[in-house]
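The model is a predicted one.

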Amino acid sequence: MRHDRLPDGFGVRIDPRVRAFSGGRILIGGSPARMLRLAPEAAELIGDGYLEVTDTKSAIVARRLLDSGVANPRPRLLPSLDDVTVVIPLHNNADGLLRLLATLRGHTVIVVDDGSDEPVRIPPRPGRGQVTVLRHDTPLGPAAARNAGLRAATTGFVAFLDSDVVPRSGWLEVMLGHFSDPQVALVAPRIVALDKESNALARYEHTRSSLDLGRREAAVHARGVVSYVPSAALLARRAALLGEGGFDESMQVAEDVDLCWRLERAGWRLRYEPAARVAHDHRVAFRAWFGRKLFYGTGAAPLSERHAGMVSPLSVPTWTVLASLLFATLSKWGLLGGLVTLATALMRMRRVFKELDNPTRIAALYLARGYFAGMWRLASAMCRDYWPVTLLAVLASRRIRKIAITMALADGLADWFTHRDAGGLDPVRYVAYRRIDDIAYGSGLWLGVLRARSFEALKPTVPPR
């Protein structure tokens, strides 16, 4: 039985993107966005945006803020580093393993050799930190290798590191503090590029890797901005993973997504902590890079079989879809219909904010944000998940061709502008790589759907609001 109360000394800070109204009694934000109403005494506890747990009452308020997604944890208590075992699944990457082990001196390490052509040999290491090697005679897959290490570990926490990563200084300490919250089962670092600029593709991957979830800390929710974390680098509470059966060994891809969603469904909390960083040796040769993106796409179909209704390439409110379709007609009546649709949505949203000062202005602000975010999701899905359908429509209609090309360019340029300071890649090559990235993933998605003989992973969801 879990004791879920946050310990004294644990702090939470309101996310800077959250907006406070009515003297701090109403908070709007989180992922997905929501409006949180607080009692006056709870709002007083928060003060300048920070709340420290000192008693049962403050622990309840802090938990509510965390679970609503409007606040982020600021733990002060650390489990011991000696209570962590590092598990490394390995298949035919001896050089990467030696590079990784050089950064893990002093740690207890279990290497699971998953049927490598040449059995792993670990040279003697002076000082603290034992390295144990387990071997599968035939490859069983990374999920099975991680589970073997999980079962062999005896510590309270297990860190999973793939053999092609290199953790940065302080990576473990930053993540370990989150486990002072007894409801946290898993924490993941930010995955950054080991090779940042050897060629143009390396610069693109440094900016837009599928493994890099960005610079903002977040709770991990299936329907949130950070919906899962990759298994290339994870830190987990061992008992929580064992209780959920570990990784699904029948899955060769997306087993990390499946694990995150099963843990969440079981009531555990998961965190993404970008202050902890682990460098990854990205694929920067075009053929290997394209193949990996395609491989990632094939994971959607098996996920949809295990998590019905959770896998959708596109989730946009009805009013956003309707307004966009009307505007896309490029006609006078379409423009008028789109404006009427937005006005109707504004009136409905205004009722949500009626107890605030100037509810029309606040509703208009959030409506605009929601509409443009929905537009970009539509553009992204058109170029990525549904690109075969878009291609057929482009070939069939000149009007659709103009709209599709405009949206593809606008989406790519907007994405480049957002990430322009990270990789130093010019907009032409960035947009080109971005669209090829989408085609590769989308091709894998359709391939997986055809293999599964189920179109569940392609079904869009349209929430009513």
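**Sheet.** Three strands build an open, antiparallel sheet, in the order S5-S1-S6. Strands S5 (50–52) and S6 (71–74) take the edges. Each has a single partner strand, so one side of each lacks a neighbour in the sheet. On average, and ignoring direction, neighbouring strands are turned by 25° against each other.

Strand S1 (residues 11–14) pairs with S6 in the antiparallel sense, over four bridges. Within that pairing, Val-12 stands opposite Pro-73 of S6. Helix H2 (residues 56–67) packs on the sheet and touches S1, S5 and S6. The direction of H2 makes about 135° with that of S5.

**Nonpolar cores.** The largest nonpolar core holds 44 residues. Which of its residues touch the most other members? They are Phe-160, Val-229, Leu-241 and Leu-263. Helix H8 (residues 255–265) gives the most to this core, with five residues.

Val-229 has contacts well beyond its own stretch of sequence: leaving aside residues up to four places away, Val-229 touches Leu-186, Ala-188, Leu-213, Val-220, Leu-234, Asp-256, Cys-260 and Tyr-272. Another core, of 29 residues, lies apart from the largest one. Among its residues are Val-84, Val-111, Trp-171 and Leu-172.

**Aromatic pairs.** The whole structure contains 13 aromatic pairs. One of them joins Trp-319 and Tyr-371, and the two rings are stacked. Trp-319 belongs to helix H11 (residues 318–328), and Tyr-371 to helix H13 (residues 359–383). The pair therefore ties together parts that are 52 residues apart in sequence.

Is Trp-319 buried or exposed? Its relative accessibility is 14%, so Trp-319 counts as buried. Tyr-371 is buried as well, with a relative accessible area of 9%.

Tyr-371 also pairs with Phe-372. Here the planes stand at 65°, so the pair is edge-to-face. Phe-372 counts as exposed, because its relative accessibility is 51% and the cut-off for exposed is over 50%.

| Ring pair | Centre to centre | Angle between planes | Kind |
|---|---|---|---|
| Trp-319 and Tyr-371 | 6.3 Å | 25° | stacked |
| Tyr-371 and Phe-372 | 5.7 Å | 65° | edge-to-face |

Elsewhere, ring pairs link residues into a cluster: Tyr-204, Phe-286, Trp-289, Phe-290, Tyr-430 and Tyr-433.

**Charges over rings.** Two arginines sit over tyrosine rings. Arg-369 lies over the face of Tyr-366, at 5.3 Å from the ring centre. The charged end of Arg-384 is over the ring of Tyr-441, 4.1 Å from its centre.

**Asp-415.** Where is Asp-415 placed? Its place is in helix H15 (residues 398–423). Asp-415 has a relative accessible area of 11%; buried means under 20%, so Asp-415 is buried. Not counting residues up to four places away in sequence, Asp-415 touches Arg-208, Tyr-430 and Arg-434. Of these contacts, Tyr-430 is also one of the residues in the ring cluster.

Conventions:
Residues numbered from 1 in each chain as written. Predicted model: local features only at pLDDT ≥ 70, side-chain atom pairs only at ≥ 80, totals over all residues. Heavy atoms only, no water. Pairing = 2+ DSSP bridges. Helix = DSSP H or I, 4+ residues; strand = E, 2+ residues; numbered from the N terminus. Axes fitted to C-alpha atoms, helices over the stretch in contact; angles between N-to-C directions. Contact = heavy atoms within 4.5 Å. Core = buried A, V, L, I, M, F, W, Y, C linked by side-chain atoms within 4.5 Å. Buried < 20%, exposed > 50% of the residue type's maximum accessible area, 1.4 Å probe, protein only. Phe/Tyr/Trp six-rings, centres within 6.5 Å; stacked < 30°, edge-to-face > 60°. Lys NZ or Arg CZ within 6 Å of the ring centre and 35° of its normal.
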